[in-house]
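Dear colleague,

I am handing over the structure we spoke about, and I would ask you to open it beside this message while you read. The notes that follow the display go through it one topic at a time.

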Amino acid sequence: MKSNYSVLAGVTAGLNGLALALAAGLYFLRPELLQSLVQAEILAGGSLLVLLYFASLHQLAKKRWLAASAGVMALLSAANLGFLIIQTGGLDSPFYAFWLLGVVAAGLFGTPYVLALLAITTAGTGLAFSQHQFAISFMAPRLGQLLITAFAAGLAEWIHYSFRRPTPVPVTQPAVKAAAKNIATDVLMSRMADGVVVVDGNGVVKMMNRAAEEMTGWDAASAVGLDYHSVLELKTADDQPAGSDHDPFYRSGLERKSLVASDLFLYSRSGHKIALSVSVAPISDSSAAAGCVAVLRDISKEKEVERQRSEFISTASHEMRTPVAAIEGYLSLAMNPKVATVDTRAMEYLTKAHDNTKHLGALFRDLLSVTKLEEGLQTTQLVPVNLSQMVKDVIADMEMVAQKKGLTITYASGAAGSDRSVMPIYHVLADPERLREVMTNLIENAIKFTTEGGVTVGVSADPKIVTVRITDTGPGISPENIKHLFQKFYRVDNSATRSIGGTGLGLYLVRSIIELFNGRIWVESQVGKGSSFNFSLVRTEPKPAAAASTAQPTAVVTPQPPASTAVAIDGLRPAPVPVGQTILPAGGGKTA
Amino acid sequence: MAKILLVEDDINLRDIYSARLQAEGYKIITAADGEEALATAVRELPDLIVLDIMMPKISGFDVLDILRSTPETKETKIILMTALSQEADKKRGESLGADKYLIKSQVTLEDVVKTVHEFLDAKK
């Protein structure tokens, strides 16, 4: 019986109790109505039972153990009533009316009670019948009583059912709506072109839609209950299983946020490989192990289109550069007295043509870089890069260029006063090729715009970021120009620098790349004193494999004596340490 | 008079480098593709080979590899010229045995001349 017991039941039980209490009162006040001590004891017992029942009414309010307490009490009071009636004359008892009342109460307490009462009543009637030698004359009115009992019981049961409060499970509109929604969701799920997989906090697959079944080659029935690694075989571009760095489920669970991974490949059960975009979102729940839902999208077509576009761009770039190189080459030959003779007029024109050709070449180069960069925004993988090593390499490459102009280029370590031959090893999160582009570009600029003195490259770091500072002793940049410096095609409008040339794209490119790496770039400059271009990147730890491939000793922190020792340890030829020339006067320089 | 084998598929660049280097007094032999380059190298035994990488049929890397495996050309000085600016390619060139790796977009014709001088004048 799952019905809630209404106040009506409680009231009726109360009336039953009151009736018994009244009987007890009668015994003590009008003893002539009741004949024996046994009756008195029963009455007292009955009253106690009723009191216990009232005590259990608070359970009624709390709805705890409701059925049990009400049932027990009902049975006990029924038994008590029964005894009372028998002792006071059996079926002739004046308390028979209370019996009927009890039946009504029984209806409110439940079917078992009703049946029990009916059984007892029938047995009692049968007993009385036998006591009266089965005389029909005795039975007739009693039969009426029996029928009335049965009818009352039936009536009570009916009342009980109609007054019953709704069961806790609401089978109403909301339930129907929910059921309908489930059906709609199922239809949606099975029709979706993208795969949907739900994984719980322990990595166990809980649900998979049809598209996911097709993608993975697993049917949902078998997949549910398995660990997601068995069902979703994800690998990175280099065919390695997606470890904790790349596994979006793991990362989503760890960082408790939604994310998208577009660089993975899914291998179906039959070995078929597809390029996948996985979008994982945690299922919000107060408990930590709540799981996540993932949407899998086959991006093989997109990747193919992208690949074709990249290929087109590379081919186009090669195609365009070829005639430009030829023009530039022929012009330089014509201008070279060792190869050809031209008059001064021709030389003048040839020189101008040559300059423009160089400018054209630079424009192509930068335009292509910008296009590639904008395209590559989604596919760039940030990895730990040994920044210190890269700085060394770029400086080495640029030395020849600097020397041609009579400039020096040096490395300065971040801590003031430290021995310059020591190179602390810093790693940053970046794309190596692009970072190299940035460094080369900035140093090239510094050299280009400086006529005397030199360029200093400084690296400093705090636990979170690494900052690179490229300082030159050039003419400096005015504040109005600084504002627009990193814009596309911006070139400083200055007679002194105009002749130096440039496409105006270099710094735009540099800034785009640095920002792609979640870094920051800024410039400090004073007209007449020089400029300092600074950029900061996210610091990271080297990957064990990466550290091995660059063959760098880790953490060379012990201060070294003269440069020659430094060569032996890290293989770098010592950078020249000219006195005075490369340090930016007053406020710049090493304190990055 | 030092002999230079110039391997370059672009006709214009071939002309330009030839003319410029001849003006320096070197004898120039040219090859337009990898196959021709290998045959010519073994036949002429140049003092220096200037080798382009992006070529049809066989790439400069393959030519380099074969040259280094051929006894006659194992020790010949080889300068790689290319439009490829990736670090990985530079490493590949060096690991295959190139003596110098020059990137066309970064060096001028004069830089090439200077490098050639470095290699050949030192020998003299």
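**Two packed helices in chain B**

In this predicted model, helix α3 (residues 60-69) of chain B packs against helix α4 (residues 87-96) of chain B at an angle of about 15 degrees, and their axes lie 9 Å apart. Because angles under 35 degrees count as roughly parallel, α3(B) is described as roughly parallel to α4(B). The crossing in which α3(B) passes α4(B) is left-handed. On the side of α3(B), the contact is made by Phe61(B), Leu64(B), Asp65(B) and Arg68(B), while α4(B) brings Asp89(B), Arg92(B), Gly93(B) and Leu96(B).

**Chain B as a whole**

How many helices and strands does chain B have? There are five helices and five strands in chain B, and from the N terminus on its elements run β-α-β-α-β-α-β-α-β-α. Of the 124 residues in chain B, 52% are buried. If you take the contacts in chain B between residues at least 6 apart in sequence, 61% of them join residues at least 24 apart.

**Paired strands in chain A**

Turning to chain A, please look at strand β6 (residues 292-298) of chain A, which runs antiparallel to strand β1 (residues 195-199) of chain A and is joined to it by five bridges. In this region Val196(A) stands opposite Val295(A) in β6(A). Strand β5 (residues 273-282) of chain A also pairs with β6(A) in the antiparallel sense, over seven bridges, and Val278(A) stands opposite Leu296(A) in β6(A).

Most residues other than glycine have a negative phi. Asn518(A) counts as exposed because its relative accessibility is 60%, where the cut-off for exposed is over 50%.

Lys57(B), which is not a glycine either, has a positive phi of about 65 degrees. You will find Lys57(B) in the loop between β3 (48-52) and α3 of chain B, and with a relative accessible area of 67% Lys57(B) is exposed.

With kind regards

Conventions. Residues numbered from 1 in each chain as written. Chains lettered and ligands numbered in written order. Predicted model: local features only at pLDDT ≥ 70, side-chain atom pairs only at ≥ 80, totals over all residues. Heavy atoms only, no water. Axes fitted to C-alpha atoms, helices over the stretch in contact; angles between N-to-C directions. Helix = DSSP H or I, 4+ residues; strand = E, 2+ residues; numbered from the N terminus. Parallel < 35°, antiparallel > 145°, perpendicular 65-115°, else oblique. Left-handed = near helix turned anticlockwise from the far one by under 90°. Contact = heavy atoms within 4.5 Å. Pairing = 2+ DSSP bridges. Buried < 20%, exposed > 50% of the residue type's maximum accessible area, 1.4 Å probe, protein only.
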